[in-house]
Amino acid sequence: MLSTLPETIDPLHLADTRGELKGQLPVSNLDRLTEVLVDDSGSVQVDLFFGREGKIPKVEGNIKAALQLQCQNCLEAVEWSFDGNIKLGIVKTIEQANRLPEDFEPLMLEEEKILLKHFIEDELLLNLPAFPKHEHECFALEIKTNTNAQLVSEEAPSRENPFAILAKLKKTGES
Ligand SMILES: [Zn+2]
């Protein structure tokens, strides 16, 4: 059974009432994130606590997910596990964000209520690896079966290295 999480949240109200949000969001609901995924199965485990630290409304907690990214070497799926703690100060302006203590990241509110999924999605998108790839050498295996790779290597000798051409030009210019 998936615990039901609200679709929209009012972070400041949750901070005032020391709200808690615990549950799972289906990965398939996170439409901006699924664009970079090979497969949108699974869910994101959300565990959040709202409150105040001094005067600062905040949300702290943990987000866990196992996402199917595309390996940038072999283009097959590669699982990326995320297990991250967050500590965000809830702010409405850039000035407020700049005043947050160093251990806070800002959660900028453009409106009173935000979509919970956007907020979770942002956290995951911020942490996505820039170059997801398998830990084993999947690319080396791929070359053997990849006909495109062969085409490139056959074509290569007929093309002169541009740096070699530059070097030649430079030489003739000097002489
Ligand atoms: Zn790979």
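Colleague: Let us begin with Val44; in which strand does Val44 lie?

Modeller: Val44 lies in strand 4 (helices, H or I of at least four residues, and strands, E of at least two, are DSSP runs numbered from the N terminus). Before we go on: this is a predicted model, in which local features need pLDDT of at least 70 and side-chain atom pairs count only at pLDDT 80 or more, while totals for chains, interfaces and linings use all residues. Residues are numbered from 1 along each chain as its sequence is written, and side-chain values use heavy atoms, with hydrogens and water left out.

Colleague: Thanks! Why is Val44 called buried?

Modeller: Buried means under 20% relative accessible area, exposed over 50%, and partly exposed in between (1.4 Å probe, protein chains only). Val44 has a relative accessible area of 0%, so Val44 counts as buried.

Colleague: Which residues is Val44 in contact with, leaving aside neighbours within four places in sequence?

Modeller: Contact means heavy atoms within 4.5 Å. By that rule the partners of Val44, beyond those neighbours, include Gly23, Leu25, Leu30, Ile63, Ile120 and Leu124. For Leu30, the C-alpha atom is 9.6 Å from that of Val44, and 14 residues separate the two in sequence.

Colleague: What makes strand 4 and strand 5 a pair?

Modeller: Two strands pair if DSSP finds at least two bridges between them. Strand 4 (residues 43–53) and strand 5 have nine bridges and run antiparallel, so they qualify. One example is Leu48, whose bridge partner in strand 5 is Gly61. The two strands form a hairpin with two residues between them, and Gly54 in the turn has a positive phi of about 60 degrees.

Colleague: Which other strands does strand 5 pair with?

Modeller: Strand 6 is one: 13 bridges join it to strand 5, again antiparallel. Lys58 stands opposite Gly89 in strand 6. This hairpin has six residues between its strands, with Leu75 in the turn at a positive phi of about 65 degrees. Strand 3 (residues 37–39) also pairs with strand 5 in the antiparallel sense, over two bridges. There, Leu37 stands opposite Leu69.

Colleague: Now the metal. What makes the arrangement around the zinc ion tetrahedral?

Modeller: Donors are N, O and S atoms within 2.8 Å of the metal (3.2 Å for Na, K and Ca); water is not among the atoms, so sites may look incomplete. Here Cys71 (SG), Cys74 (SG), His134 (ND1) and Cys138 (SG) coordinate the zinc ion at 1.9 to 2.3 Å. Four donors count as tetrahedral if all angles lie between 85 and 135 degrees; four count as square planar and six as octahedral if opposite donors are over 155 degrees apart and all others between 65 and 115; anything else is irregular. The four donor atoms subtend angles of 107 to 114 degrees, so the arrangement is tetrahedral.

Colleague: What spacing do the donors of the zinc ion follow along the chain?

Modeller: The spacing is C-x2-C-x59-H-x3-C. Cys74, in the loop between strand 5 (56–70) and strand 6 (77–91), and His134, in the loop between helix 4 (116–127) and helix 5 (138–145), are 60 residues apart. Both Cys74 and His134 are buried.

Colleague: Why do the side chains of Arg32 and Glu121 count as a salt bridge?

Modeller: A salt bridge is a side-chain nitrogen of Lys or Arg within 4 Å of a carboxyl oxygen of Asp or Glu. Arg32 and Glu121 meet at 3.0 Å, N to O, so they qualify. Arg32 lies in helix 2 (residues 31–34) and Glu121 in helix 4, so the pair ties together parts 89 residues apart in sequence. At 35% relative accessible area Arg32 is partly exposed, whereas Glu121 is buried at 0%.

Colleague: How many salt bridges does a search of the whole structure find?

Modeller: It finds nine salt bridges. Among them, Asp16 and Arg52 meet at 2.9 Å, N to O. That pair links Asp16 in helix 1 (residues 11–16) to Arg52 in strand 4, 36 residues apart. Asp122 also meets Arg32, at 3.2 Å, N to O.
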